[in-house]
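Let's walk through this one with some "how do you know" questions. Have a look at the model first.

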Amino acid sequence: MTIRFYSQNAAYSEFSNFSPHSFFLDGKTWRTSEHYFQAMKFKGTPDEDEVRQTKRPKEAADMGRDRKRPLRKDW
């Protein structure tokens, strides 16, 4: 059986990067794993914290995909 967890309103949504489960890592609180994933594209820059502080994971995803923001050189 394949488990799909892409929708926030479907079964197994708690496994999605958008699932509203915060965590503490690297001295900071992250609202979702999506916030963390997207912010790491800008680690060590002001953009990292901007992404971390967005209210919704969709906002973090949009910011992480914005190519006007410079990505880490190793990304």
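Q: How many salt bridges does the structure hold?
A: There are 8 salt bridges, and the term stands for a side-chain nitrogen of Lys or Arg within 4 Å of a carboxyl oxygen of Asp or Glu. Keep in mind that this is a predicted model, where local features need pLDDT of at least 70, side-chain atom pairs count only at pLDDT 80 or more, and totals for chains, interfaces and linings use all residues. Residues are numbered from 1 along each chain as its sequence is written, and side-chain values use heavy atoms, leaving out hydrogens and water.

Q: What makes Asp47 and Arg69 a salt bridge?
A: Their closest N and O atoms are 2.5 Å apart, and the cut-off is within 4 Å, so the pair counts. This pair links distant parts of the chain, with Asp47 in helix α2 (residues 46-52) and Arg69 in the segment after α3 (57-65), 22 residues apart. Helices here are DSSP runs of H or I with at least four residues, strands are runs of E with at least two, and both are numbered from the N terminus.

Q: Why is Asp47 called buried?
A: Asp47 has 14% relative accessibility. Buried means under 20% relative accessible area, exposed means over 50%, and partly exposed is in between (1.4 Å probe, protein chains only), so Asp47 is buried. Arg69 is buried as well, with a relative accessible area of 14%.

Q: How do you know that Asp49 and Arg52 are separated by about one helical turn?
A: They sit 3 residues apart in helix α2, so about one turn separates them. Asp49 and Arg52 also form a salt bridge, with the closest N and O atoms 2.7 Å apart.

Q: Why is the pair of Trp30 and Tyr36 called edge-to-face?
A: The ring centres are 5.0 Å apart and the planes are at 90 degrees. Rings of Phe, Tyr and Trp (its six-membered ring) pair if their centres lie within 6.5 Å; planes under 30 degrees apart are stacked, over 60 edge-to-face, and the rest tilted, so this pair is edge-to-face. Ring pairs link Phe23, Trp30 and Tyr36 into a cluster.

Q: What makes Arg52 a charge over the ring of Trp30?
A: Arg52 lies over the ring face, at 5.9 Å from the ring centre. The rule asks for NZ of Lys or CZ of Arg within 6 Å of the centre and within 35 degrees of the ring normal, so Arg52 counts.
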